[in-house]
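Please examine the structure shown here and consider the questions that follow.

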Amino acid sequence: MESLNLYIDACIECLWLMNVQDPPMYITCLNKGDNYEPAHFNMFLVKGKEVEYTVWPAVFLHEGGPLVSKGYVKPKEQLQ
């Protein structure tokens, strides 16, 4: 349990540091049914055009700014 608490504390500290920047860093996720955005996200496990869920969000230097880290999405599996 102590390891989990340390991880949660580190996550909170990281998010706080991202928020106190001027302007604050920006995190975005894609919703179920959204179209895949290859400029901001990589696919996870399967390939497809429609998003099932976000695995990891994309991070930008600020809203409307340059991409810092691509996110990952799991697309819906395409029936053949």
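This is a predicted model, in which local features need pLDDT of at least 70 and side-chain atom pairs count only at pLDDT 80 or more, while totals for chains, interfaces and linings use all residues. Residues are numbered from 1 along each chain as its sequence is written, and side-chain values use heavy atoms, with hydrogens and water left out.

Q: In which strand does Thr54 lie?
A: Helices (H or I, at least four residues) and strands (E, at least two) are DSSP runs, numbered from the N terminus. By that assignment, Thr54 belongs to residues 51-56, which form strand β3.

Q: Which six residues make up the largest nonpolar core?
A: A nonpolar core is a set of buried Ala, Val, Leu, Ile, Met, Phe, Trp, Tyr and Cys residues joined through side-chain atoms within 4.5 Å. Leu30, leaving aside its neighbours within four places in sequence, has contacts that include Phe41, Val51 and Val73. The largest such core consists of Leu30, Phe41, Val51, Ala58, Phe60 and Val73.

Q: Is Phe60 buried or exposed?
A: Buried means under 20% relative accessible area, exposed over 50%, and partly exposed in between (1.4 Å probe, protein chains only). The relative accessible area of Phe60 is 8%, so Phe60 is buried.

Q: Why is the pair of Tyr26 and Phe60 tilted?
A: Rings of Phe, Tyr and Trp (its six-membered ring) pair if their centres lie within 6.5 Å; planes under 30 degrees apart count as stacked, over 60 as edge-to-face and the rest as tilted. A search of the whole structure finds one aromatic pair. Its rings, from Tyr26 and Phe60, have centres 6.2 Å apart and planes at 45°, so the pair is tilted.

Q: How many residues apart are Tyr26 and Phe60?
A: Tyr26 is partly exposed at a relative accessible area of 31%. Tyr26 is in strand β1 (residues 26-28) and Phe60 in strand β4 (residues 58-60), and their pair links distant parts of the chain, 34 residues apart.

Q: Which helix gives the largest share of the lining of the largest pocket?
A: On a 1 Å grid over the protein atoms alone, a pocket is an open set of points where a 1.4 Å probe fits, with protein on both sides within 12 Å along at least five of seven lines; lining residues have an atom within 4 Å of a point. Residues lining the largest pocket include Tyr7, Cys14, Met18, Ile27 and Trp56. The largest share, six residues, comes from helix α1.

Q: Which peptide bond is cis, with omega near 0°?
A: Most residues other than glycine have a negative phi, and most peptide bonds are trans. Pro23 is placed in the loop between α1 and β1. The cis bond is the one from Asp22 to Pro23.

Q: What phi does Leu45 have, although it is not a glycine?
A: Leu45 is in the loop between β2 (41-43) and β3. Leu45 counts as exposed, at 70% relative accessibility. Its phi is positive, at about 75°.

Q: Is Lys74 buried or exposed?
A: Lys74 sits in strand β6 (residues 71-75). Leaving aside neighbours within four places in sequence, Lys74 has contacts with Phe44, Val46, Val51, Glu52, Tyr53 and Val55. With a relative accessible area of 14%, Lys74 is buried.

Q: What distance separates the C-alpha atoms of Tyr72 and Pro57?
A: Tyr72 is also found in strand β6, and is partly exposed with a relative accessible area of 36%. Tyr72 and Pro57 are 15 residues apart along the chain, and their C-alpha atoms are separated by 6.6 Å.

Q: How far apart in space are Gly33 and Glu52, C-alpha to C-alpha?
A: Gly33 is in the loop between β1 and β2, where it touches Glu50 and Val51, not counting residues up to four places away in sequence. Gly33 and Glu52 are 19 residues apart in sequence, and their C-alpha to C-alpha distance is 6.4 Å.

Definitions and conventions: Contact = heavy atoms within 4.5 Å.
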